[in-house]
Structure formats: C-alpha cells, structure tokens
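Hi,

Here is the model I said I would pass on. Have a look at it first, and then read on for what turned up.

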Amino acid sequence: MHAKSSCIYLFLLATVVAAAAQDRKPGLYEVTVVTTTVSPSATTYPPRTMQTCLTPEMIEKYGAIVPETPARTCQLANVVKKAGGMTAELVCSGAINGKGTMEVNWTDSEHTRANLHFSGTIHPGQNDIKVEWNAATTSTYKGPDCSAVKSASPPQPPPSIMLPPE
C-alpha cells in the first residue's frame, strides 16, 4: 500500500473509531455488579443490580458511567478516554486508604463491561485491616429517561467491609 494511501486509511479508521465512541447513549442504564474480595477473606458476593444515569456530561468528561461525587474519601485520577472505553485510578485517603484501577469497555452503544480492582486498608478502630476487592460490572441501556434515578452511584467496597456513615 502506498504511504499516502496508508495515512488516509489510518485517518479514516481513527475517525470511524472515534465516531463509534461518540454513539454512547445518555440515559438510564441497568448496572449489575459482582464483587469478589481477596482480603480480609476470599468471598464472592451475589450480583447486585441497580439503575443509574449516564449523562451527556459524563460521556464528554469520562466516556463512561462514573460517580458524580466519588465515595466519601475517594477521587478519580488519571482518567484516560479511549476509543471504546476509558481507564482511571481510584485513589482513596481517610477512613479507606488505597488505590484502585478501573477499566470500562463499550461492547456497543448500549452495553459496557467494566472492572475495578482496589487494594488498601480500612481503619475501623485501632488496627488497620488490609482489603483487596474486585468489582466486575455490566451495564445495559434501558432508555433516555433518567427521572427515576438521582445520579450515578459511587464505587463502593463490598458489603462486608462497608464503613458506618461519618
């Protein structure tokens, strides 16, 4: 293939991939999360299903469903939007200290698969407890109306290590 033709082909391919990424539909999504803890004990929890809203602002800023207000002491950092998804770090300090990695992939304009892996410590009293967990998530578009949902849910630790409200 001629070098000029190769450049045009790569430009067109990049444009098609970018256009496909923009086809993500804002609106109501049903999200199913399966959480597995590594520590303090190895446990797989039953799937939890919830509804959340993907806003046009989330699509623009993150390219995926993310919490509008991260959990009490956690922030998203190093967000990288890519064709077909995004990656980010979840950095927590305070009652929960540690880091996680998140990757979201769009299988099409109405479905995602995501994974969040977190490792750190919690401080329920005098002693630190090492925690490590993984949350595998699937999302399915349900429609454009988000009126039944206030906002996206923040990433949460598995039920066994949830901290009492501050």
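Three aromatic pairs turn up in this predicted model, where a pair means rings of Phe, Tyr and Trp (its six-membered ring) with centres within 6.5 Å, counted as stacked with planes under 30 degrees apart, edge-to-face over 60 and tilted for the rest. One of them is Tyr-29 with Trp-106, edge-to-face, at 6.0 Å centre to centre and 80° between the planes. That pair links distant parts of the chain, with Tyr-29 in strand E1 and Trp-106 in strand E6 (residues 96–108), 77 residues apart. Tyr-29 also pairs with Tyr-141, again edge-to-face, with 5.4 Å between centres and 65° between planes. Since Tyr-29 sits in strand E1 and Tyr-141 in strand E8, this pair ties together parts 112 residues apart in sequence. Put together, Tyr-29, Trp-106 and Tyr-141 make one aromatic cluster.

How buried are Tyr-29 and Tyr-141? Buried here means under 20% relative accessible area, exposed over 50% and partly exposed in between, using a 1.4 Å probe and protein chains only. Tyr-29 counts as buried because its relative accessibility is 0%, and Tyr-141 is buried with a relative accessible area of 16%. Trp-106 is buried as well.

Some ground rules before the rest. Residues are numbered from 1 along each chain as its sequence is written, and side-chain values use heavy atoms, with hydrogens and water left out. As this is a predicted model, local features need pLDDT of at least 70 and side-chain atom pairs count only at pLDDT 80 or more, while totals for chains, interfaces and linings use all residues.

Now the fold. The chain has two helices and eight strands, and along the sequence they come in the order α-β-β-β-α-β-β-β-β-β. These are DSSP runs numbered from the N terminus: helices are H or I with at least four residues, strands E with at least two.

Two strands count as paired if DSSP finds at least two bridges between them. E1 (residues 27–39) runs antiparallel to E8 (residues 129–143), joined by 11 bridges, and it pairs with E3 (residues 48–54) in the antiparallel sense over seven bridges. Glu-30 shows both pairings: its bridge partner in E3 is Gln-51, and in E8 it stands opposite Thr-140. E1 also pairs with E2 (residues 43–44), antiparallel over two bridges, with Thr-37 opposite Thr-43. A hairpin of three residues joins E1 to E2.

Thr-55 lies in the loop between E3 and helix H2 (56–61). Its relative accessibility is 15%, so Thr-55 counts as buried. The Thr-55 side chain reaches the backbone nitrogen of Met-58 at 3.0 Å. That is a polar contact: a pair of N or O atoms within 3.5 Å, where, within protein, one must be able to donate a hydrogen and the other to accept it, and residues adjacent in sequence count only if both atoms are side-chain atoms.

Finally, the totals. Of the 166 residues in the chain, 35% are buried. The accessible surface is about 9,500 Å², with 58% belonging to carbon and sulfur atoms; areas come from the Shrake-Rupley method with a 1.4 Å probe, and for residues only the protein chains shown count as cover. Among contacts (heavy atoms within 4.5 Å) between residues at least 6 apart in sequence, 50% join residues at least 24 apart.

Cheers
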